[in-house]
Amino acid sequence: MSFLEAEAGEVEEGEDAAEGKSEVGSWRGRLTARDRELVSHLGLVRYLRTDQIAELVFPGRAQSVISGRLGELSQRHGNTRALIKKLWFVNSEGKRVLVWALTPSGYAVAGEELGRQFKVPRHDVAHQFLDHATGVNDLYVALTKKPGTPRPAPRKPADDFARVPTAFRWVATEDLELPFSEYVPKPPDHVADRRLQPDAMLEDAVRKRRYLLEFETGSATVRNAQHKTATETKIGRYCRFLLGHVHVVGPQTYYSKHFNDGYKPIVVFLTRTEARRDTIVRVAEAYWGEVDARFELRALTMAEAGAEFRWRLLGETPLVPSPDLNPPQVTKPATLEGTFISFREIELLKHFQQEALGIIHRVRHTVRAGKPVATEPRYPELMNPAAMVLQRLAR
């Protein structure tokens, strides 16, 4: 069954402006439990392809049934507002793929169903990025859909759709913005504000694990440390966010400042192919050897991740041997006694020392001249980056 050209109804032009004329509850009497669950899933993940919706909410249904209901929910009927809208992108085979997202009215209904207020995005993801946006949601679908393969039946049960998961918490990339700071060695040397934005986040409250997910489509380079979308660059950003200290004194990291619940962070790179997975593992192990900074990092194909997380979170026995038996995971490299320090880090410490001595020198000069120190001396700008280096060397 192909969903590449689903014939769902178009959202009427100008609908957004008209939505303010009716009430949110105008759909409520006509919405089925299946509709409400669909809206709730879209509230959590933001974007779903038609085939993903079919797996979650319409298992085993004919394409005409799925397209018909999605079309109804995406059209305005009198004073009733549309709850979903249709987007699209062109896949690698040159075919048009339909993607569904919530309207502002849909987000309001999702908020009522889940008991929370959703942040309604001002703009949708551009067409060329929808493949990536929905690709990471393949894991959500794999973990949330009902187990087994839907079988044809003369009369299908009315409650065969997947419910919003309770075994884990899923956070979409639109709700993630993780700030941190890093030292920039390019003149003039300074500390720059940065932000980390995983493609999604999965939280396991029972085992206190937080999985930061990065979906690798294979379109970006892996080894170019200067390119902001390269895998190697992403690993560096995670190092600085997870291990970097906020202040010179105290153990607080940027991660523990943002998440103060004690959950263990695990970075997971999701790939479509085993070749891409293995390349990421090799690059990460080489990076570990250079900077000697580590956190748990995994690289898994989407199929491996779906099987492993259903085993971990839902207790299901994998159909294939568990990836944990031979995990594609970055391991700790063997090192000699002592700690590796790079020339860049040595230069950072030298600049910090020079800056600190300059501040001390100005204060001493003022005191020797018999003048009061009227202005409180500032901390060196490189204080936090230098503290991060020293904390690592002290481990």
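Let me begin with the sheet: five strands form an open sheet with mixed pairing, in the order S4-S7-S8-S9-S10. Strands here are DSSP runs of type E with at least two residues, helices are runs of H or I with at least four, and both are numbered from the N terminus; two strands pair if DSSP finds at least two bridges between them. Strand S4 (169-172) and strand S10 (296-301) are the edges, each with a single partner strand, so one side of each has no neighbour in the sheet. On average, neighbouring strands are turned by 25 degrees against each other, direction ignored.

This is a predicted model, in which local features need pLDDT of at least 70, side-chain atom pairs count only at pLDDT 80 or more, and totals for chains, interfaces and linings use all residues. Residues are numbered from 1 along each chain as its sequence is written, and side-chain values use heavy atoms, with hydrogens and water left out.

Within the sheet, S7 (residues 200-204) and S8 (residues 209-216) run antiparallel and are joined by five bridges. Glu203 has Arg210 in S8 as its bridge partner. Salt bridges that share partners also join Glu203 and Arg210 with Arg169 and Asp261 into one network. A salt bridge is a side-chain nitrogen of Lys or Arg within 4 Å of a carboxyl oxygen of Asp or Glu, and the count by this rule is 27.

Which residue forms a salt bridge with Asp138? The partner is Arg49, with the closest N and O atoms 2.9 Å apart. Asp138 lies in helix H7 (residues 137-144) and Arg49 in strand S1 (residues 48-49), 89 residues apart. Arg49 is buried at 13% relative accessibility, whereas Asp138 is partly exposed at 27%. Buried means under 20% relative accessible area, exposed over 50%, and partly exposed in between, using a 1.4 Å probe and protein chains only.

Asp138 is also among the residues that Gln52 touches, as are Tyr47 and Thr134, not counting residues up to four places away in sequence; contact means heavy atoms within 4.5 Å. Gln52 sits in helix H3 (residues 50-57) and is buried, at 0% relative accessibility.

Lastly, confidence. The average pLDDT, the predictor's confidence in each residue from 0 to 100, is 81 for the protein, and 78% of the residues score at least 70. Over residues 1-29 pLDDT stays under 50, and over residues 331-337 pLDDT likewise stays under 50. Where pLDDT is low, the predicted coordinates should not be read in detail.

Terms used. Axes are lines fitted to C-alpha atoms, for helices over the stretch in contact, and angles run from 0 to 180 degrees between N-to-C directions.
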